[in-house]
Amino acid sequence: MLDVHFWENRYITQNTGWDLAGPSPHFVALIKAPPAFLKPGAMAVLGAGRGHDAALFGQNAFQVSGFDYASSAVQEARQRYGQWADFHQRDIFTLGQADTPFAHQFDYVLEHTCFCAILPKQRPDYLQTVTRLLKPEGYLIGIFWEHEEADGPPFSTTLEAVQALFCDSFDIISVEERQPASNRRGIERLMVLRRKKEL
């Protein structure tokens with residue numbers, strides 16, 4: 001089980017190879033040439049880490065809440081980007097429940113290296129979390145990894161598996177490669193999914 005101690009230790013020891021030291025090039029390109037649906041609104045960033053992606057959207061007039069399991073990551077994100085986003089130390093699987101202030105409060109959920117970090121058996125719970133966080137017809141903007149490594153994290157997936165997981169609750173709006181980091185070409189896909197109005 002990948003518990004909080006596992007992730008906290010990764011940050012303490014600086015063993016964070018997924019961290020690009022800045023926002024994903026996918027999201028930078030998206031902000032520079034935004035599709036029609038992408039207008040400033042409330043955004044939840046799952047597995048926000050050091051906060052690079054959250055800050056990018058916060059700097060562009062989005063109201064951003066970043067969530068991460070590791071307190072060290074949250075502390076660093078607050079120190080570096082606290083003026084652009086709010087950061088919370090939380091287990092993402094507790095978000096969106098009826099007794100939290102986050103249920104159905106977000107126009108967007110942003111995904112980058114969170115889905116691939118959780119255990120594959122937790123993916124249905126991830127779907128439930130995203131669905132609970134989003135308003136009806138809110139958007140999941142996600143970078144999903146498709147690689148051939150046997151073990152994880154990161155755990156691999158396929159476009160077909162992602163589509164099968166989300167198809168009952170979301171409409172697939174787009175799937176594209178855009179501009180991944182140079183060492184991730186061919187394994188990243190940017191997907192935009194819209195939560196169905198009626199579930």
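**Figure 1. Contacts and overall fold of the protein chain.** Of the contacts in the protein chain with a separation of 6 or more, 69% join residues 24 or more positions apart. A contact means heavy atoms within 4.5 Å. This is a predicted model, in which local features need pLDDT of at least 70, side-chain atom pairs count only at pLDDT 80 or more, and totals for chains, interfaces and linings use all residues. Residues are numbered from 1 along each chain as its sequence is written, and side-chain values use heavy atoms, with hydrogens and water left out. The protein chain has six helices and seven strands. These are DSSP runs numbered from the N terminus: helices are H or I with at least four residues, strands are E with at least two. Along the sequence the pattern reads α-α-β-α-β-α-β-β-α-β-α-β-β. The radius of gyration is 15 Å, close to the 16 Å that the globule rule gives for 199 residues, so the protein chain is as compact as a globular protein of that length. That radius is taken over C-alpha atoms, and the globule rule is 2.2 Å times the number of residues to the power 0.38. The C-alpha atoms fill a box of roughly 45 × 40 × 35 Å along the principal axes. Buried residues make up 51% of the 199 residues. Buried means under 20% relative accessible area, exposed over 50%, and partly exposed in between (1.4 Å probe, protein chains only).

Figure 2. The structure holds one cavity of 30 Å³ or more. A cavity is a set of points, on a 1 Å grid over the protein atoms alone, where a 1.4 Å probe fits but cannot get out; lining residues have an atom within 4 Å of a point. About 180 Å³ of space lies in the largest cavity. Grid points are joined across faces, edges and corners, and the volume is the space filled by probe spheres set on the points. The lining counts 19 residues, and Gly47, Ala48, Asp53, His112 and Thr113 lie nearest the centre. Strand S1 (42-46), H3 and S4 each give two or more residues to this lining. By type, the lining has eight nonpolar, eight polar and three charged residues. Ala, Val, Leu, Ile, Met, Phe, Trp, Tyr, Cys and Pro count as nonpolar, Asp, Glu, Lys and Arg as charged, and the others, Gly among them, as polar.

Figure 3. Most residues other than glycine have a negative phi. Ala61 has a positive phi, near 80 degrees. Ala61 sits in the loop between helix H3 (52-58) and strand S2 (63-68). With a relative accessible area of 46%, Ala61 is partly exposed. For His104, phi is also positive, at about 55 degrees. His104 lies in the loop between strand S3 (85-89) and strand S4 (106-112). His104 is partly exposed, at 39% relative accessibility.

**Figure 4. Cysteines without a disulfide.** The count comes to zero disulfides, a disulfide being a pair of cysteine sulfur atoms within 2.5 Å. For Cys116, the nearest cysteine sulfur is that of Cys114, 8.1 Å away. Cys116 is buried, at 7% relative accessibility. Cys167 is partly exposed, at 37%.

**Figure 5. Ile187 in its loop.** Ile187 is found between strand S6 (170-176) and strand S7 (188-195). Its relative accessible area is 22%, so Ile187 counts as partly exposed. Ile187 and Gln97 are 90 residues apart along the chain, and their C-alpha atoms are separated by 32 Å.

Notes:
1 Å grid on protein atoms, 1.4 Å probe; cavity = no way out; pocket = protein on both sides within 12 Å on 5 of 7 lines; lining within 4 Å.
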